[in-house]
Amino acid sequence: MLRGVAVRVPLLRAVRGAPGKGTPRPRGRSSRGCRDSELCHRRSPQAEPGWAAPCPALRRRRRRKSGSSPLQKALLAAGSACVALWDPYRHDMVAVLGETTGCLALPKLRDRMRNDPEGYRILQERPRIRLSTLDMARLRGLPDGTLGREYVRFLEDNKVSPDTRMPAKFVDDEELAYVIQRYREVHDLMHTLLGMPTNMLGEVVVKWFEAVQTGLPMCVLGAAFGPIRLNARKLQVLATELVPWAVRSGRNASCVLNVYYEQRWEQSVESLREEIGIFPPPAVRV
Amino acid sequence: MAAGLCPGRALLSRRGGALWALLGPARGLAAGPETHFGFQNVSEAERREKIYQVFENVAEKYDVMNDSMSLGIHRVWKDILVHKMNPSPGTLLVDVAGGTGDIAFRFLNYVRSVRERQLQQKLRHQQNLSWQEISKSYQEEKSNPLGDSQVVVCDINREMLKAGKQKAQHLGYSEGLSWVLGNAEELPFDDDKFDVYTIAFGIRNVTRIDLALQEAYRVLKPGGRFLCLEFSHVSNPLLSRLYDLYSFQVIPVLGEVIAGDWKSYQYLVESIRRFPPQEELKAMVEDAGFLRVDYQNLNSGIVAIHSGFKL
């Protein structure tokens, strides 16, 4: 496995200057130093412009210039945690919290993806779930009970769209940025697989599941502090039925990021649940 | 271009990005000479467009952000500016880049309290008034509390003016206040109109400062005063390092956390570093024709008030 080409390293060093001292930073140069970038540059049809799939032959990781120093990341983590707790509808703050605190969990998640054949393919091809890449009409036409149909139903019932996900702004490594982006985009599919709506209770349940699955601190914090906003009845349902089920499913299930959902729209939700290892949801109204 | 500011979807680049890329070399000819936008080098037209977008984005949270970034100290700075101005009732003020109206409201409060004190003084000096004369003077106070003072708030950005008007309504300011959309480099006013011209934290965003100063000279009456409140250069090395650390590490984070906008506040701190220091600005003010130009440093140079007279 070839590591970074010698040509590229000085470029990286020039680019990785401290942003905090008021010195002008060189901008606008892509850090894609692969000598054969023109030739081996491969784009998956669903890849977003500027997110070229890494050259599989060289298999190196590119550092993204996130433009934020460690101190800034620490301040962001603290600030976004406070704001997200105070106003859970600030989705951008939840996203920032996930990015700034995920430095330990994201590499582990990436390694789990690499060690699984389907996950590895996802890392290579870098599919993106957005309205422009999904054929909504086709998915809507699929029979009831299939992943595609239920996903579209979920989007329409809860009036959400996959395009509202913020891009990762504060993750320095490009591959890890993709991993967290994939996690965000798969979140709606989690709702579909777990059968949870987007109200506060449903979100907390999904967070518990994701906390067990991914170990991201943002999920753990969300799972721990989310219930603060619930009333007593919901808390009871949460504690007695939903959380135990979510935790059991999370432990039993294989890594949910290792499923290439875009190739499984026709599969039924039940069979996908069984394949991944998610237990059927309890019969409570969420 | 603007994509260099953030590797993700840069808000600033989205609107103009594709178009500017298409124009390519033609851009250089049409868009004017090179200038700066923060630490980037851009053409003048591009800079105007970008700054307009910055203030469009920040308008709603402008006051909240000012308070959190300066820990409320910006209120003291603006109070000091108005005290230095020491307006008497009957003064006509134009507050350029006045946006959300901070200076205008302080001016109105000041002249109102000066006027009240004037009327009280008048009453005290005339001890043997009849009750009719006393009640007439009360009516006078009620009918003309500002003593014919007026302030015109002029700003280039519609969103900022909108935010300012809403604030005025909320706080109950209506009399003696008008809002005008205009460019500091080309003011929509006649010559020799105003007694005082102020520009608080706005001249940094003007692309051609010399033109703005010339316009200031033009619209002021002879004897009129020019006042500029702006971020400036800190000479004390220790304070300068702390200030830089705070500016570059904390302020963009505050922008992201409170307003969801990192890039605008990154621009803010970079533009402060690119602005001319105290002596240079003093020379520019003198070049425009002002006399008795002087400056006062606040907080060791974090902010400076420049003052000049049209004589």
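Reader: Which backbone nitrogen does the side chain of Asp155(B) reach, and at what distance?
Author: The side chain of Asp155(B) reaches the backbone nitrogen of Asn157(B) at 2.8 Å. A polar contact is a pair of N or O atoms within 3.5 Å; within protein, one must be able to donate a hydrogen and the other to accept it, and residues adjacent in sequence count only if both atoms are side-chain atoms. At 2.8 Å, the pair therefore falls within that limit.

Reader: What are the ground rules for these values?
Author: This is a predicted model, in which local features need pLDDT of at least 70 and side-chain atom pairs count only at pLDDT 80 or more, while totals for chains, interfaces and linings use all residues. Residues are numbered from 1 along each chain as its sequence is written, chains are lettered from A and ligands numbered from 1 in the order in which they are written, and side-chain values use heavy atoms, with hydrogens and water left out.

Reader: Why is Asp155(B) called buried?
Author: Its relative accessibility is 7%. Buried means under 20% relative accessible area, exposed over 50%, and partly exposed in between (1.4 Å probe, protein chains only), so Asp155(B) counts as buried. The residue lies in strand E4 (residues 150-155) of chain B; helices (H or I, at least four residues) and strands (E, at least two) are DSSP runs, numbered from the N terminus. Contact means heavy atoms within 4.5 Å, and the residues that Asp155(B) touches, not counting those up to four places away in sequence, include Gly98(B), Met160(B) and Val180(B).

Reader: Where does UniProt place the feature "binding site" in chain B?
Author: The unreviewed UniProt entry places it at Thr100(B), Asp155(B), Asn183(B) and Ala184(B). Such positions are given in the numbering used here, feature names are shortened, and annotations may be inferred rather than shown by experiment. Ala184(B) is found in the loop between E5 and E6 of chain B and, at 7% relative accessibility, also counts as buried.

Reader: What makes E5 and E8 of chain B edge strands?
Author: The open sheet has 7 strands in the order E5-E4-E3-E6-E7-E9-E8 (chain B), with mixed pairing. Strand E5 (177-181) and strand E8 (291-298) each pair on one side only. Two strands pair if DSSP finds at least two bridges between them. E7 (residues 220-231) and E9 (residues 303-309) of chain B are joined by 7 bridges and run antiparallel, so they meet that requirement.

Reader: How do you know that Cys82(A) is in no disulfide?
Author: A disulfide is a pair of cysteine sulfur atoms within 2.5 Å. The nearest cysteine sulfur to Cys82(A), that of Cys103(A), is 18 Å away. The sulfur of Cys103(A) is itself 14 Å from the closest cysteine sulfur, in Cys219(A), which is too far for a bond. Over all chains, the search finds 0 disulfides.

Reader: Are Cys82(A) and Cys103(A) buried or exposed?
Author: Cys82(A) has a relative accessible area of 53% and is therefore exposed. Cys103(A), at 56%, is exposed as well.

Reader: Why is His187(A) called buried?
Author: Its relative accessible area is 8%, so it is buried. His187(A) lies in helix H9 (residues 174-194) of chain A, and its side chain makes a polar contact with that of Glu203(A) at 3.2 Å.
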